[in-house]
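Here is a friendly walk through some helix packing and ring pairs. Please keep the sequence and the 3D view open as you read.

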Amino acid sequence: MIQPCGPPLNAKTRRTIAAKIAMSHVHFADINPGTTHRHLGSYRVFSLAEDPSKLRDIASLYINFGFGQPVQAPVVETLPSEKEWKASLINSAVELGILIFQTATLNPLKYPYTAQGLELAGETILERYMSRLERECGLFIREVVEICFVNSYRSKSSRLEERIVAEVASALDYFTKHE
């Protein structure tokens with residue numbers, strides 16, 4: 001979990017962590033073709049502070065995808081059809097929007113780590129939490145999260161999805177370095 005023991009993270013630190021998470025989506029796009037879920041529990045933050053409860057300067061963000069850990073191979077009796085395979089693919093822009101929301105508000109959501117679970121979590125954020133997000137984090141963060149959930153690109157190519165993730169990551173990185 002991103003929130004350390006001790007006092008809650010300030011807004012700037014949360015935005016910086018969100019920017020690092022967004023950049024990780026860009027850097028790991030090639031090794032995550034759309035089937036490995038990156039959820040809040042996959043991220044660990046290491047601090048430059050001697051006392052880990054006083055997280056001020058972020059030294060690095062560690063992402064735990066489970067690489068290098070033994071995993072029992074699933075028993076597959078039949079291969080999925082092309083339609084089933086496409087339905088199981090993760091929309092990385094939606095996934096990133098959910099992660100940014102949770103990091104910026106320190107409000108972890110419980111949802112199934114499936115393509116349908118991501119869609120449901122995204123809809124929940126849009127319907128219930130956008131005004132809270134703007135109140136707590138500002139208009140910029142609200143707009144960044146909203147762009148991740150835009151429906152007009154979802155049926156288009158994955159290249160457009162990758163471009164949205166890259167633009168969101170770039171905007172967050174720029175914003176946190178110049179605020």
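Are helix 1 and helix 3 roughly parallel or roughly antiparallel to each other? They are roughly antiparallel, a term for angles over 145 degrees, while under 35 degrees counts as roughly parallel, 65 to 115 as roughly perpendicular and the rest as oblique.

Before going further, note that this is a predicted model, in which local features need pLDDT of at least 70 and side-chain atom pairs count only at pLDDT 80 or more, while totals for chains, interfaces and linings use all residues. Residues are numbered from 1 along each chain as its sequence is written, and side-chain values use heavy atoms, with hydrogens and water left out.

**Two helix pairs**

Helices here are DSSP runs (H or I, at least four residues), numbered from the N terminus. Their axes are lines fitted to C-alpha atoms over the stretch in contact, with angles from 0 to 180 degrees between N-to-C directions.

| Helix pair | Axes come within | Crossing angle |
|---|---|---|
| Helix 1 and helix 3 | 8 Å | roughly 160° |
| Helix 4 and helix 5 | 7 Å | roughly 150° |

**An arginine inside**

Arg-15 sits in helix 1 (residues 11-27). Is Arg-15 buried or exposed? Its relative accessible area is 13%, so Arg-15 is buried (under 20%; exposed is over 50% and partly exposed in between, with a 1.4 Å probe and protein chains only). Leaving aside residues up to four places away in sequence, Arg-15 touches Cys-137, Ile-141, Phe-175, Thr-176 and Glu-179.

**Ring pairs**

The whole structure holds three aromatic pairs (rings of Phe, Tyr and Trp, its six-membered ring, with centres within 6.5 Å; planes under 30 degrees apart are stacked, over 60 edge-to-face and the rest tilted). One of them joins Phe-101 and Tyr-129, a tilted pair at 5.4 Å centre to centre with 40° between the planes. Phe-101 belongs to helix 3 (residues 92-105) and Tyr-129 to helix 4, 28 residues apart. Phe-101 is buried, at 0% relative accessibility.

Tyr-111 and Tyr-113 have ring centres 5.2 Å apart and planes at 85°, so this pair is edge-to-face. Tyr-111 is buried at 11% relative accessibility, whereas Tyr-113 is partly exposed at 40%.

How values were computed:
Contact means heavy atoms within 4.5 Å.
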